[in-house]
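Dear colleague,

I am handing over the structure below, together with an account of what was found in it. Please read the notes with the sequence and the model open beside them.

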Amino acid sequence: MVTFQFVPYHEIEELGSARRVKKLIDIVKQNKIALLQGRLKKEEETDLIAIAMEEIKGKFKGIELAVINPEEKTLSGIKKLKSNFFSMMLGDRQGLTIIGPASIVKQIKKDPTKIELLTKEGKR
Amino acid sequence: MINLVKGFISKVLNSLFKKKKDIKLGLYGPPNGGKTTLANRICKDWLGEDMGSVSNIAHETREIQIKEQISIKSKGKELTFNLVDTPGIATKIDYEDFVKAGMKEKQAKQRAKEATKGVIDAIKWLDEMDAVIIVLDSTKDPYTQVNLTIVGNLQARNIPVLIVANKADLKKADVKKVQSAYPQYSVIGISAKYGNDMDRFYEGLFAIAG
């Protein structure tokens, strides 16, 4: 069985970068797949990878990460400026960030209309 | 707050007084894209020597390698830089993958441990770079999250980027796919192993760091 934990953006909104990353890593280390509403800052994404590396020990082998923002590529001109402005004011609430433990999630395939999450059968 | 102000002042002073010979040029990308093969090619072309060892098993480079004072010339211009070859960035490392590749368990565990440290070091060094060459394997999917994260980070840090679609000599290579994945950047298809299209690569290097 695979467990997903939804993390609404307001739960990380007030947190500093280090605590945001820690919150997500803690979920993943419980063998759950974190579904974050929106996305982390670019620097936080690399922090997440670095922290995941630091945490590798025993059964924890790292993470699988996918950031999905279907509107990102389709917006242009004023709409893009508007979207960037709202992201700056309200945070990156658009899209979805999926983070799973590498011992469970083999690969996350992204497609404009679907997300495929390939799991490792019987490897936990 | 004081640290932020100090950092800002130091960055401004550095950018004002930095000499071109101090340019740090980083090689970044996922494991097995050919970063060290490209570093070796650059060093062979301009210094007549190799920089590091290469292997088909991922995470061969597990420490930051620096070759100082490489001077290259193209179309009457000269560029001097310190080349920084970094370990491949990955989100997961499992020693069992190295065992499957033929290593003994103890050796594989040690390699995995060093590889995780290498990824952390590569990320820490991002801030030190003046320009970055992202080395991607053109036979593989260019849209992986690791690639997108590296590109996004460099963009957020305003670091000039040149993307290399390496292994262009292979049948499966799709340089156009890499170009369409990152249309905002200059993408050059090369074969670091055989030295194909290196002239275009050096011209691209002048464009971002010259």
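In which hand, left or right, does α2(A) pass α3(A)? The model is a predicted one, and in this model α2(A) passes α3(A) in a right-handed crossing. Two packed helices are described by the angle between their axes and the distance between the axes. For helix α2 of chain A, residues 17–29, and helix α3 of chain A, residues 42–55, the angle is about 50 degrees and the axes are 10 Å apart. Sorted by class, the contact of α2(A) with α3(A) has six nonpolar residues, five charged residues and one polar residue.

The two chains

Chain A has five helices and six strands, and their order along the sequence is β-α-α-β-α-β-α-α-β-β-β. Of its 124 residues, 32% count as buried. Among the contacts in chain A with a separation of 6 or more, 72% are accounted for by residues 24 or more positions apart.

Chain B comes to seven helices and six strands, which run from the N terminus as α-β-α-β-β-α-α-β-α-β-α-β-α. The radius of gyration of chain B is 17 Å, close to the 17 Å that the globule rule gives for 210 residues, so chain B is as compact as a globular protein of that length. The C-alpha trace of chain B spans about 50 × 45 × 35 Å along its principal axes, and buried residues make up 40% of its 210 residues. In chain B, residues 24 or more positions apart account for 70% of the contacts with a separation of 6 or more.

Where the chains meet

The contact between the chains takes 18 residues from chain A and 14 residues from chain B. On the side of chain B that touches chain A, the elements that give two or more residues are α4 (105–125) and α5 (145–156) of chain B, and α5(B) gives the most, with five residues. The residues on this side of chain B divide into six nonpolar, six polar and two charged.

One helix pair crosses from chain to chain, namely α3(A) and α4(B), which pack at an angle of about 155 degrees with their axes 9 Å apart. Because angles over 145 degrees count as roughly antiparallel, α3(A) is roughly antiparallel to α4(B). The crossing of α3(A) and α4(B) is left-handed. From α3(A), the contact is made by Thr46(A), Ile49(A), Ala50(A), Met53(A) and Glu54(A), and from α4(B) by Thr116(B), Val119(B), Ile120(B) and Ile123(B). By class, the contact of α3(A) with α4(B) has six nonpolar residues, two polar residues and one charged residue.

Most residues other than glycine have a negative phi. Asn32(B), a residue other than glycine, has a positive phi near 65 degrees, and its place is in the loop between β1 (24–28) and α2 (35–47) of chain B. With 22 other C-beta atoms within 10 Å, Asn32(B) is buried, because the count for a buried residue is 20 or more.

Lys167(B) also has a positive phi, near 65 degrees, and lies in the loop between β5 (161–166) and α6 (175–181) of chain B. Lys167(B) counts as buried, with 25 C-beta neighbours inside 10 Å.

Lys24(B) is found in strand β1 of chain B, and with 18 C-beta neighbours inside 10 Å it counts as partly exposed. Leaving aside neighbours within four places in sequence, Lys24(B) is in contact with Asn82(B), Val84(B), Glu128(B), Met129(B) and Asp130(B). Lys24(B) and Ile66(B) are 42 residues apart in sequence, and their C-alpha atoms are 9.2 Å apart in space.

With best regards

Definitions and conventions:
Residues numbered from 1 in each chain as written. Chains lettered and ligands numbered in written order. Predicted model: local features only at pLDDT ≥ 70, side-chain atom pairs only at ≥ 80, totals over all residues. Contact = placed C-beta atoms within 7 Å. Helix = DSSP H or I, 4+ residues; strand = E, 2+ residues; numbered from the N terminus. Nonpolar A, V, L, I, M, F, W, Y, C, P; charged D, E, K, R; others polar. Axes fitted to C-alpha atoms, helices over the stretch in contact; angles between N-to-C directions. Left-handed = near helix turned anticlockwise from the far one by under 90°. Buried ≥ 20, exposed ≤ 12 C-beta atoms within 10 Å, placed from the backbone. Rg over C-alpha atoms; globule rule 2.2 N^0.38 Å. Parallel < 35°, antiparallel > 145°, perpendicular 65-115°, else oblique.
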